[in-house]
Amino acid sequence: MFKKVLVANRGEIAVRIMRTCREMGIHTVAVHSDVDSRALHVLEADESVLLGEADPIDSYLNITRIISAAEATGADAIHPGYGFLAENPDFAEQCEASGRTFIGPPVRVIRDLGDKTLARRTMESAGVSVIPGTVCPTNDPAKLLREADNIGYPVLVKPVAGGGGKGMRVVSSPEEMQEACLSAGSEAEKAFGNGALYLEKYLKNPRHIEFQILADNHGNVVHLFERECSIQRRHQKIIEETPSPVMTAQLRSAMGNAALSAARVSGYANAGTVEFLLDESGNFYFLEVNTRLQVEHPITEMTTGIDIVRKQIEIASGEPLKIIQDDILQRGHAIECRIYAEDPENNFFPSAGKIALLREPSGPGIRNDSGIYAGVEIPVEYDPILSKLIVTAETRKYTLARMIRALESYVILGIKTIIPFLIDLFKSPQFLEGNICTNFIDHHFKDWGQNMNDADLAGIVYVMEEKTRPNKLSPGKSQTDWPTPWETLGHWKV
Amino acid sequence: MKYQLKIGSETLTLDSSNPGCEQDMQLSINGKEYHVCCNPLSDTHFHLLVNGKATEAFVFSGQNDEKHVCIKGLNFLVLNDKVPLSRVKRKGFEEAPGEITPPMPSVVIRIMVAEGDMVKKGQGLVVLSAMKMETTLVAPTDGKVKRINTFLNAKVAPGDILVEIEGEEVDKK
């Protein structure tokens, strides 16, 4: 078993991974940029190494500096988290070359499955149905135009090296292709260092269902059931749940087996996720394999009782998976929502700044994977995910009620978050019915604005705060200034 | 004790007949009556009984007498209408309508128009990159691109006027 693990990431996921390491008695090393010197993941770790400046190129994406940090601290394994270098085969390769274990799938698997068109071809050969699309990556809009004619509009332009919803554009007609390719290509180049694109048929109202897989280095593969990730915005997930409201035992069995086939044919090891799209007729199509731990993994952990990060570490250190498929059961329902630092009333523009006040929800069935604390400064350079709120209860209906209660007691002041938007999403009758698809927000929440029914209450609170403050400070002064002697003098008499 | 407060687009006129003590107060907001018993738990944490209904609230005061209030997961920015708002950021595009400014510190990654171009409302002008997302700033009205004040790879911030549009009268929403 490893003695020391370096977590090559930041924010809530770095904190979460370190917590399991601590429980396993493994020492942790945090790496960080200069703007993250007081970030929660740095505070959580046993030791930390400054990588460089805020730009990810100088820090969290800098392979050389991260490997050096591992060498300097004597870490014998590296966990990449999600995003950043998690699916970068060069990073995994250099990690292994330096004598450390990369906690994830083998380099070859990351490379092969990371090429989305190669992955599609591999799955087709194993009899797993894939979405109609192109199999050759290109950047040539003329080529893509021809392919789009074959597939039929609308099509989805996607980055070959992609993931996390970045660099995707819907193209409904030939006229839109040029701009879509330019835009998608540049976003992909920036996010993944590779701007090559491919096409897929754009399904109208698909449901996004993925299966968590675990495979050890001894040929054992299991799946940990499905997650439905159908509430998305700009192709980024916001809400995920398990089990999927539309899953039947039959469909689960068929898709589960497809996921296991996908894992076996690709020679998979460690944790991963096989993504499918389910169309309105109940047909499912392979989308891609994410060769890493996913953001939404906690909902699977809550309902199966399995610590996926612990399993990742055990598998990476060579231990065999001691669980078999029939032993894995799901209990109850779980929902996760991502708390993004974005302003839902201003086109979800990212909101940076200092967290002035924080009160996280608690109670039965509540799990809050947080990367923040009161007083921390949220930098502009990274993904705006602050924390993940995961809620579990016996049934979907109870879970929804619990999620709403938890969100209503979540206090984050100082920056804008999507909490008010999430509350309305979860309260909507459409969500309660389970009638969801990836276009849910566009269909039902297009021009959302926070309801102002309690504006009067807010006014009352304003006045109460004024009245009850011990020293009334003059306008322009902040609450943390020391009072002047005139304010503290008290009674005196000539 | 009288207050004129602004929350979003609403103006609240708050008046109290017995400003005596916050433990037991009668006040009216835009004519509606409220009986308030307030129990301050800290500078930022309050428990109130408003017309008999219990409410928990969190408050954070800003630089200019504005307060950020959180009640049941919803956040309200409460401004004191009497205080000059020179330093408080208004949300959205309430700058002069023809002046295009970034919503947060970003980098210009594409300029889609040139000086002299005629543009339509909603047409893309400048693409910015921030927090790993690409955002396109669009023309708020039909008009002509009067001036472009930025360049590729420029680091820009709210308040910087990137593009000036000379156009027809804007109908404010």
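Okay, quick definition before anything else: when I say a residue is buried, I mean that 20 or more other C-beta atoms lie within 10 Å of its own. And keep in mind that this is a predicted model.

So, with that in hand, helix 11 of chain A, residues 308-316. Seven of its nine residues are buried, so the helix is mostly covered. The buried ones are V309(A), K311(A), Q312(A), I313(A), E314(A), I315(A) and A316(A). What sits over them? The cover includes helix 1 (11-23), strand 4 (77-79), strand 5 (101-102), strand 9 (207-215) and strand 12 (270-278), which belong to chain A as well. After the helix you run into G318(A), and its phi is positive, near 100°.

Let me zoom out to the domains. The assignment for chain A gives three: domain 1 covers 4-103, domain 2 covers 132-201, and domain 3 covers 207-444. If you take C-alpha centres, domain 1 and domain 2 of chain A are 32 Å apart.

Now the sheet. In chain A there's an open sheet of five strands, ordered 3-2-1-4-5, with parallel pairing. Strand 3 (47-52) and strand 5 of chain A are at the edges with a single partner strand each, so each has one side with no neighbour in the sheet. Further in, strand 1 (residues 4-7) and strand 2 (residues 27-33) of chain A run parallel and are joined by four bridges.

Next, a loop residue. V128(A) lies in the loop between helix 6 (116-125) and helix 7 (141-151) of chain A. Buried or exposed, would you say? V128(A) is buried, because it has 20 other C-beta atoms within 10 Å. Leaving out neighbours within four places in sequence, V128(A) is in contact with M123(A), A258(A), S261(A), A262(A) and F286(A). I404(A), on the other hand, is 276 residues from V128(A) in sequence and 38 Å from it in space, C-alpha to C-alpha.

Okay, over to chain B. Q26(B) is in strand 3 (residues 25-29) of that chain. With 14 other C-beta atoms within 10 Å, Q26(B) comes out as partly exposed. Setting aside residues up to four places away in sequence, Q26(B) touches S16(B), S17(B), N18(B) and H35(B). For S16(B), the C-alpha to C-alpha distance to Q26(B) is 6.1 Å, and the two are 10 residues apart in sequence.

How do the two chains meet? The contact takes 44 residues from chain A and 52 residues from chain B. On the chain A side, the elements that supply at least two residues each include helix 8 (177-192), helix 12 (396-408), helix 13 (419-427) and helix 16 (455-468). Helix 16 of chain A gives the most, with 13 residues. By type, the chain A side that touches chain B divides into 26 nonpolar, nine polar and nine charged residues.

Last thing, confidence. The predictor gives the complex an ipTM of 0.79 and a pTM of 0.80. Chain B has a mean pLDDT of 82, and 85% of its residues reach 70 or more. There's a stretch to watch, though: over residues 85-95 of chain B pLDDT stays under 50, and the model has 11 contacts for that stretch beyond four places in sequence. Where pLDDT is low, the predicted coordinates should not be read in detail.

Definitions and conventions:
Residues are numbered from 1 along each chain as its sequence is written. Chains are lettered from A and ligands numbered from 1 in the order in which they are written. This is a predicted model: local features need pLDDT of at least 70, side-chain atom pairs count only at pLDDT 80 or more; totals for chains, interfaces and linings use all residues. Domain bounds come from an automatic or database domain assignment. A residue is buried if 20 or more other C-beta atoms lie within 10 Å of its own, exposed if 12 or fewer, and partly exposed in between; C-beta atoms are placed from the backbone. Two residues are in contact if their C-beta atoms, placed from the backbone, lie within 7 Å. Two strands pair if DSSP finds at least two bridges between them. pLDDT is the predictor's confidence in each residue, from 0 to 100. Ala, Val, Leu, Ile, Met, Phe, Trp, Tyr, Cys and Pro count as nonpolar, Asp, Glu, Lys and Arg as charged, and the others, Gly among them, as polar.
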